[in-house]
Amino acid sequence: MMPDIIDIRGAQYQALLKLPEWRAFATKAKRAAGFACQAGRRSGEDVELNVHHHANEAGRLPWDYAAHEIVVLCKPCHG
């Protein structure tokens, strides 16, 4: 039996990013990166960091990715 594919688009995706699962995942990723941008190496309390997925795959929730599939970027580097 094939698993159900999760169709995540626009507003649905943004809603997922407000869930505790995403916050915990993002915090863990930022901690692993030393709370610094992995591209520009910006860091500090005033730097907004984002967790970027190298590729989004259908059927995967935003927090269902391995460390090698994401990168922590500051807002300017994330674009």
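Is glutamate 69 buried or exposed, and what is its relative accessible area? In this predicted model, local features need pLDDT of at least 70 and side-chain atom pairs count only at pLDDT 80 or more, while totals for chains, interfaces and linings use all residues. Residues are numbered from 1 along each chain as its sequence is written, and side-chain values use heavy atoms, with hydrogens and water left out.

Glutamate 69 is buried, its relative accessible area being 18%; buried denotes under 20% relative accessible area, exposed over 50%, and partly exposed the range in between (1.4 Å probe, protein chains only). The residue is located in the loop between strand 1 and strand 2. Helices (H or I, at least four residues) and strands (E, at least two) are DSSP runs, numbered from the N terminus. With residues up to four places away in sequence not counted, glutamate 69 touches His52, His53, His54, Glu57 and Arg60, where contact means heavy atoms within 4.5 Å.

Strand 1 and strand 2 run antiparallel and are joined by five bridges; two strands pair if DSSP finds at least two bridges between them. Within this pairing, leucine 49 stands opposite cysteine 74 of strand 2, and valine 51 has valine 72 as its bridge partner. In a regular strand the side chains alternate between the two faces of the sheet. In strand 1, Leu49, Val51 and His53 form a covered face, whereas Asn50 and His52 form an uncovered one. Strand 2, by contrast, is covered on both faces, with Ile70, Val72 and Cys74 buried on one side and Val71 and Leu73 buried on the other. Because five of its five residues are buried, strand 2 is largely enclosed by the rest of the structure.

The largest nonpolar core comprises 16 residues, of which Trp22, Phe25, Val51, Ile70 and Val72 touch the most other members. Such a core is a set of buried Ala, Val, Leu, Ile, Met, Phe, Trp, Tyr and Cys residues joined through side-chain atoms within 4.5 Å. At least two residues of this core come from each of helix 2 (20–32), strand 1 (49–53) and strand 2 (70–74); strand 2 gives the most, with five residues. Tryptophan 22 touches Leu16, Leu17, Val51, His53, Pro62 and Trp63, not counting residues up to four places away in sequence.

Phenylalanine 35 lies in the loop between helix 2 and strand 1. Its phi is near 50 degrees, a positive value in a residue other than glycine. Phenylalanine 35 counts as partly exposed, at 42% relative accessibility.
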